Amino acid sequence: MGRGVITGRALVLTEPLSLWGGMDPASGELIDAHHPQRGANLAGRVVVMPAARGSSSSASVLAEAVRAGTAPAAILVGQPDLIVSIGSAVANELYGKNVPVVVLSSEELAAISDGEEIVIAGDRVRRA
């Protein structure tokens, strides 16, 4: 899912994340007490994670973060996730803002370093 070109710095998460209970949509902060990267901020970042985890409410958290201006620039995952994709589609419909959700192979995900600049055009991802 995606239109235009999105660029941002990668935030590589070492474990899956549920946005419901895992991200504060008011600030973009990763708040899951059990996540190793608790305290990181997802706002404006290209979030790279092996998979999404958890609740169907993650879609509403992503849409609310888009409304609040604290959403990730894009989400790159190793497994398709319908809930996160629905949240992106709803946010695009309601607020006209796109958060691409792109599925990559585990090898492609592993090649992305934390903090490196990522460029996303549609479903094409490249390191800047």
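Helices (H or I, at least four residues) and strands (E, at least two) are DSSP runs, numbered from the N terminus. The model is predicted: local features need pLDDT of at least 70, side-chain atom pairs count only at pLDDT 80 or more, and totals for chains, interfaces and linings use all residues. Residues are numbered from 1 along each chain as its sequence is written, and side-chain values use heavy atoms, with hydrogens and water left out.

## Overall shape and surface

Along the principal axes, the C-alpha atoms fill a box of roughly 35 × 30 × 20 Å.

Of the 128 residues, 44% count as buried. Buried means under 20% relative accessible area, exposed over 50%, and partly exposed in between (1.4 Å probe, protein chains only). The accessible surface comes to about 6,200 Å². Carbon and sulfur atoms hold 51% of that surface. These areas come from the Shrake-Rupley method with a 1.4 Å probe; for residues, only the protein chains shown count as cover.

The protein chain carries 10 positive and 13 negative side chains. The centres of the two sets lie 6 Å apart. Lys and Arg count as positive, Asp and Glu as negative; His and the chain ends are not counted. Each charge is placed at NZ of Lys, CZ of Arg, CG of Asp or CD of Glu.

Helix α1 spans residues 58-68. Its buried residues are Ser-58, Ala-59, Val-61, Leu-62, Ala-63, Ala-65 and Val-66. Their cover includes β3 (74-77) and α2 (82-95). Just after α1, Gly-69 takes a positive phi of about 80°.

Met-23 lies in the loop between β1 (5-12) and β2 (46-49). Met-23 is buried, with a relative accessible area of 2%. Residues up to four places away in sequence aside, Met-23 touches Ser-18, Gly-28, Glu-29, Ile-31, Leu-42, Val-61, Ala-65, Thr-70, Ala-71 and Pro-72. Val-61 and Ala-65 are among the buried residues of α1. Met-23 and Val-103 are 80 residues apart in sequence and 20 Å apart in space, C-alpha to C-alpha.

## Salt bridges

Side chains of opposite charge can pair when their charged atoms come close. A salt bridge here is a side-chain nitrogen of Lys or Arg within 4 Å of a carboxyl oxygen of Asp or Glu. The count comes to three.

| Pair | N to O distance |
|---|---|
| Arg-53 and Asp-32 | 2.7 Å |
| Arg-67 and Glu-64 | 2.5 Å |
| Arg-127 and Glu-116 | 2.9 Å |

Arg-53 forms its bridge with Asp-32. Arg-53 lies in the loop between β2 and α1 and Asp-32 in the loop between β1 and β2, so the pair ties together parts that are 21 residues apart in sequence. Arg-53 is partly exposed at 40% relative accessibility. Asp-32 is buried at 10%.

Arg-67 and Glu-64 both sit in helix α1, three residues apart, about one turn of the helix. An α-helix has 3.6 residues a turn, so residues three or four places apart point the same way. Arg-67 is partly exposed at 46%, and Glu-64 is partly exposed at 29%.

The side chains of Arg-127 and Glu-116 also meet in a salt bridge. This pair links distant parts of the chain, eleven residues apart: Arg-127 is in strand β6 (residues 124-127) and Glu-116 in the loop between α3 (106-110) and β5 (117-121). Arg-127 is partly exposed at 46%. Glu-116 is buried at 17%.

## Two long-range pairs

Ser-57 is found in the loop between β2 and α1. At 24% relative accessibility, Ser-57 is partly exposed. Ser-57 and Trp-20 are 37 residues apart in sequence and 5.7 Å apart in space, C-alpha to C-alpha.

Ala-121 lies in strand β5. Ala-121 is partly exposed, at 34% relative accessible area. Ala-121 and Val-5 are 116 residues apart in sequence, yet their C-alpha atoms are 4.6 Å apart in space. Leaving out residues up to four places away in sequence, Ala-121 touches Gly-4 and Val-5.

Notes. Contact means heavy atoms within 4.5 Å.
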